[in-house]
Amino acid sequence: TSVGMHDQTVRTPGLPLDVPTVADYMKKLGYSTHAIGKWAQGYCNVSYIPTKRGFDTFYGFFRGSQLYFAHTKSKIYDFRRDADLVPPETIEGRYNTELFAEEAVRVIETKSSDKPFFMYLAFSAPHGPIEVPTIYSALYKTTFKKNPTRQIYAGMITAMDTGIGRVMNALHRNDLIDNTLIVFTSDNGAIQGDNCPLRGTKSTIYEGGTRVPSFVYGSQNLLEKRRYVNPEIG
């Protein structure tokens with residue numbers, strides 16, 4: 001987390017320990033709780049890691065970003081199950097977006113039948129560094145013929161979309177979709193490109209940095225009002 005002026009931030013060790021997480025609240029309500037993907041809410045000591053902040057399980061990395069295939073940042077390996085490092089040889093060369101989707105499906109497939117679950121699935125895509133399997137970037141060779149970077153970036157989003165599709169299929173397959181509330185959002189506005197009509201970008205507190213496209217999906221069993229646009233929640 002960061003505090004300060006819109007163009008000058010001061011880093012803190014992580015989400016303050018006296019601030020409950022949504023997982024803390026869900027756990028009190030009897031839910032099993034699972035965090036998958038990017039954490040970036042502190043790891044300076046064990047008190048800040050996901051399994052000490054209300055989550056029963058964690059699969060992903062503690063830092064704000066990492067190489068998607070090597071799972072390192074500044075040559076430091078950081079890919080974990082709960083607090084422990086995953087043996088690097090078991091995921092060598094695997095793309096982390098696909099790993100996160102696989103773990104989400106595993107949680108859904110193995111959940112207890114008599115206990116509801118809360119899942120925080122934080123894909124790091126399309127955050128830098130810009131990397132993706134060629135099977136995805138190749139889809140955009142014609143669309144972005146003169147811009148190889150854009151091909152990779154678009155491929156990263158497609159890889160994420162594919163992962164989300166796998167999660168949705170698992171919910172349908174296990175007859176959970178009608179009793180599951182899904183919230184899709186981002187953590188900040190674009191750092192490059194155009195956030196118009198909003199001012200600013202990521203790392204500012206202008207609306208272009210803090211308002212993002214979001215949606216809530218649920219069946220009529222869960223939502224009284226459906227299929228409408230609310231310009232206030234993003």
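Asp82 is partly exposed, because its relative accessible area is 28% (buried means under 20%, exposed over 50% and partly exposed in between, with a 1.4 Å probe and protein chains only). Asp82 is placed in the loop between strand 7 (80-81) and strand 8 (84-85). Helices (H or I, at least four residues) and strands (E, at least two) are DSSP runs, numbered from the N terminus. Phi of Asp82 is near 60°, a positive value in a residue other than glycine. The model is predicted, so local features need pLDDT of at least 70 and side-chain atom pairs count only at pLDDT 80 or more, while totals for chains, interfaces and linings use all residues. Residues are numbered from 1 along each chain as its sequence is written, and side-chain values use heavy atoms, with hydrogens and water left out.

Asp175 also has a positive phi, about 55°, and is not a glycine. Asp175 is found in the loop between helix 4 and strand 10. With a relative accessible area of 69%, Asp175 counts as exposed.

Two cis peptide bonds can be described next. One runs from Ala125 to Pro126, with omega near 0°. Pro126 lies in the loop between strand 9 (117-122) and helix 3 (134-137). Another joins Gly128 and Pro129, with omega about 5°. Pro129 is likewise placed in the loop between strand 9 and helix 3.

Salt bridges were searched for across the whole structure, and eight were found. A salt bridge is a side-chain nitrogen of Lys or Arg within 4 Å of a carboxyl oxygen of Asp or Glu. Side chains of opposite charge can pair when their charged atoms come close. Asp78 bridges to Arg80, with the closest N and O atoms 2.8 Å apart. Both Asp78 and Arg80 are buried.

Glu103 and Arg106 form another bridge, at 2.9 Å from N to O. These two residues are three apart in helix 2 (residues 96-110), so about one helical turn separates Glu103 from Arg106. Glu103 is buried, because its relative accessibility is 5%. Arg106 is partly exposed, because its relative accessibility is 38%. The pair belongs to a network of salt bridges that links Arg81, Glu103 and Arg106.

Arg211 and Glu207 also meet through their side chains in a salt bridge, 3.8 Å from N to O. Arg211 is partly exposed, with a relative accessible area of 28%. Glu207 is partly exposed too, at 41%.

Aromatic rings were examined as pairs. Rings of Phe, Tyr and Trp (its six-membered ring) pair if their centres lie within 6.5 Å; planes under 30 degrees apart count as stacked, over 60 as edge-to-face and the rest as tilted. The count comes to 12 aromatic pairs. Trp39, Phe55, Phe118 and Tyr120 form one aromatic cluster.

Charges over rings were considered next. A charge sits over a ring if NZ of Lys or CZ of Arg is within 6 Å of the ring centre and within 35 degrees of the ring normal. The charged end of Arg199 is placed over the ring of Tyr206, 3.9 Å from its centre. Lys225 lies over the face of Tyr228, 4.3 Å from the ring centre.

On the surface, a nonpolar patch is formed by Leu181, Val183, Val216 and Leu222. Together these residues have about 340 Å² of accessible area, from the Shrake-Rupley method with a 1.4 Å probe; for residues, only the protein chains shown count as cover. Patches are made of residues with over 30% relative accessible area and no salt bridge: like charges are joined within 9 Å, and nonpolar side chains (Val, Leu, Ile, Met, Phe, Trp, Tyr) within 5 Å. Leu181 itself lies in the loop between helix 4 (148-173) and strand 10 (182-184). Leu181 is partly exposed, at 48% relative accessibility.

Gly193 lies in the loop between strand 10 and helix 5 (207-210). Gly193 is exposed, because its relative accessible area is 70%. Gly193 and Phe123 are 70 residues apart in sequence, and their C-alpha atoms are 21 Å apart in space.

Cys44 is exposed, at 51% relative accessibility. Cys196 is exposed, at 58%.
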